[in-house]
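Subject: Structure handover, helix packing

Dear colleague,

I am passing the structure on to you below. Please look it over before reading the notes on it.

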Amino acid sequence: MFEISGMSSTSNGLTSTAGDPRRANKVVRYRPPAASDSSSSSPSDDPVADYMNLLGMVFSMCGLMMKLKWCAWVAVYCAFISFANSRATEDSKQMLSSFMLSISAVVMSYLQNPQPMTPPWK
């Protein structure tokens, strides 16, 4: 055993000495809130990923049907935001289809009109 600044080390970990200001009886272990509590929203209830996925699909369809390049680029942007905010347990097929739809909107809009994109306000 050896002493390091008021703590004595043993083979099973650190034990407090008389100079230790921490109070072991005040330590409370964190327990996440129950999932059945519907009155408070948990971090997993964040709808941003779902909204961005829906918005990306809408912009993809607008880019494909109306040949608007800026809509196709906004769809790619929304797909990236949706991917960044998605949960690990979420279905990846829907995310992949959103990416593929938005990228196909960009590709098709540039294949139909290879001119550079003009801003929507001009």
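The notes that follow concern the packing of helices.

This is a predicted model, in which local features need pLDDT of at least 70 and side-chain atom pairs count only at pLDDT 80 or more, while totals for chains, interfaces and linings use all residues. Residues are numbered from 1 along each chain as its sequence is written, and side-chain values use heavy atoms, with hydrogens and water left out.

Helices here are DSSP runs of H or I of at least four residues, numbered from the N terminus. The axes of α1 (residues 48-66) and α2 (residues 69-84) come within 8 Å and cross at roughly 160°, where axes are lines fitted to C-alpha atoms over the stretch in contact and angles run from 0 to 180 degrees between N-to-C directions. The two helices α1 and α2 are therefore roughly antiparallel, a term used for angles over 145 degrees. In their contact (heavy atoms within 4.5 Å), residues of α1 including M52, L55 and F59 meet residues of α2, among them W70, V74 and I81. The residues of this contact comprise twelve nonpolar, five polar and no charged, with Ala, Val, Leu, Ile, Met, Phe, Trp, Tyr, Cys and Pro counted as nonpolar, Asp, Glu, Lys and Arg as charged, and the others, Gly among them, as polar.

For α2 and α3 (residues 92-112), the axes likewise come within 8 Å and cross at roughly 160°, so α2 and α3 are also roughly antiparallel. On the α2 side the contact includes K69, W73 and F80, and on the α3 side M95, F99 and Y110; its residues divide into 13 nonpolar, four polar and one charged.

Best regards

Methods. Parallel < 35°, antiparallel > 145°, perpendicular 65-115°, else oblique.
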